[in-house]
Amino acid sequence: MDFKAKITGVGSAFPKTKVTNKDISDFIVEYGEHTDDQWIRDRTGIISRRISEKGNPDEYNSALGTKASLLALEMAGKKAMDVELIIYATASPDTQLPSTACWLQNNIGADLAWGFDLNAACSGFVYGLTVGSQFIQTGSVRTVLVVGVDVVSSLVNWTDRNSCILFGDGAGAAVLERADDNTSGKIIDYRMLSNGKQWSLFHVEAGGSKLQITNDLILQNKNKMSMNGKEIFKVAVRTLADFALKILEKNNYTIDDLDWFVPHQANMRIIEAVARRIKIPMDRVVVNVERCGNTSAATIPTALDEAVRDNRIKKGQLVLLGAFGAGITFGSVLIRW
Ligand code: UT7
């Protein structure tokens, strides 16, 4: 048996609070650091992002994931009870135990599903799509819910102006189903790679079993993310472009055949540099980083959701997703929409 998977519904959700660059500049000065709106805009393209209100159950990771999932199910015309598998991509779960997939399952009442969390940082959603489509391909399940959510604000070191300016919170989801007609509307191919040798470019040192949290470590922000922005920038541009060209070539397409490129929304300069390298005009690239910041596993599904709902992405078009994240992880997924 070799079935194909197709995306039949997408959805997204964000917390209420909008945080501007000025809000961050005003805040960071308390730590003896300096930044300003212009620097952040010029270097990242980001103008604002949404940040979850801590302690508000409506803005927990799983609550945002629930809103996005219900919208995706509605678009697909499916009920929670139709879902057989939940793949929940996140690096900022509600709790260590149980998995956020279980919190979501309980919230939406997907009582017939099984599910698990998948941590590939910002590449989580494309890893999730790839894993989900394998289960559909073998005929093992017909309906998978793939969710990409991060409350990155819980991992951000708010005293580090190099990284805290970049991130936001958000949630995106997609319903994957078995394609009845294998000629259109399907996931065509994927290309994935992790490079654990580059773990130190982007990591959270404490909080796992390797280095359990102590008060001292908290004071040193060791339970927060540490990032080598310059190096990630270079690796991201090179690899995203390389993956895009290789997956197209493998499937006998050129960049001219591509209707939409939906890259990880990390930084406008990274997105533009990749677009220049692969020679795709920016009007065929989906971007929401200016309003959302880098929402990690949620960047691609939220951008996809916007472009589907405002009718930019249309049935029959060729769409390429391209992700990179901590690990380092990379992934591209090619879709005939
Ligand atoms: O999902 C993956 C997540 N991570 C990323 O995507 C990170 C990718 N990297 C980046 O986005 C960029 O490297 C940054 C935006 C983080 C930094 O941009 P950059 O062009 O690499 O800046 P830089 O590190 O070369 O810094 C330029 C200058 C430095 O001053 P000097 O040494 O030239 O005097 C920094 O000290 O800007 C200074 N600087 C800042 N100034 C104002 C660094 N951060 C800030 C800031 N505000 N927030």
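The structure holds six aromatic pairs; rings of Phe, Tyr and Trp (its six-membered ring) pair if their centres lie within 6.5 Å, with planes under 30 degrees apart counted as stacked, over 60 as edge-to-face and the rest as tilted. This is a predicted model, in which local features need pLDDT of at least 70 and side-chain atom pairs count only at pLDDT 80 or more, while totals for chains, interfaces and linings use all residues. Residues are numbered from 1 along each chain as its sequence is written, and side-chain values use heavy atoms, with hydrogens and water left out.

One of the pairs is formed by W114 and F135, with 5.5 Å from centre to centre and 75° between the planes, which makes the pair edge-to-face. Helices (H or I, at least four residues) and strands (E, at least two) are DSSP runs, numbered from the N terminus. W114 is partly exposed, with a relative accessible area of 42%, and F135 is partly exposed as well, at 26%. Here buried means under 20% relative accessible area, exposed over 50%, and partly exposed in between, with a 1.4 Å probe and protein chains only. W114 and F135 also belong to one aromatic cluster with F116.

A second pair to look at is F243 with F330, which is tilted, at 5.8 Å centre to centre and 50° between the planes. F243 lies in helix α8 (residues 229-250) and F330 in strand β13, so this pair ties together parts that are 87 residues apart in sequence. F243 is buried, with a relative accessible area of 5%, and F330 is buried at 3%.

Strand β13 leads on to the sheet. Four strands form an open sheet in the order β8-β13-β12-β11, with mixed pairing; two strands pair if DSSP finds at least two bridges between them. Which strands stand at the edges? They are β8 (186-194) and β11 (260-263); each has a single partner strand, so one side of each is left without a neighbour in the sheet. From one strand to the next, the twist averages 10°. Axes are lines fitted to C-alpha atoms, for helices over the stretch in contact, and angles run from 0 to 180 degrees between N-to-C directions.

Strand β13 (residues 329-336) is joined to β12 (residues 318-325) by eight bridges, and the two run antiparallel. Along this pairing, G325 stands opposite T329 in β13, and A323 has G331 as its bridge partner. The hairpin of β12 and β13 has three residues between the strands, and in it G327 takes a positive phi near 145°. Strand β8 is also joined to β13 by eight bridges, again in an antiparallel arrangement, and there K186 stands opposite R336. Seven of the eight residues of β13 are buried, so the strand is mostly covered. In a regular strand the side chains alternate between the two faces of the sheet.

Helix α5 (residues 124-137) touches β8, β12 and β13, and its direction makes about 125° with that of β8; contact means heavy atoms within 4.5 Å. Helix α11 (residues 299-309) touches β11 and β12, and its direction makes about 155° with that of β12.

Helix α5 has 14 residues and reaches 20 Å from its first C-alpha to its last, close to the 20 Å expected at 1.5 Å a residue; the expected span is 1.5 Å times one less than the number of residues. How many residues of α5 are buried? The number is 10 of 14, and the helix is mostly covered. Among them are G124, F125, Y127, L129 and I136. After α5 comes G139, whose phi is positive, near 85°.

Both I136 and G139 are touched by R178, as are F3, K4, K6 and R142, not counting residues up to four places away in sequence. R178 is placed in strand β7 (residues 169-178) and counts as buried at 16% relative accessibility.

The last topic is cysteines. A search of the whole structure finds zero disulfides, a disulfide being a pair of cysteine sulfur atoms within 2.5 Å. For C122, the nearest cysteine sulfur is that of C292, 14 Å away. C122 counts as buried at 5% relative accessibility, whereas C102 is partly exposed at 33%.
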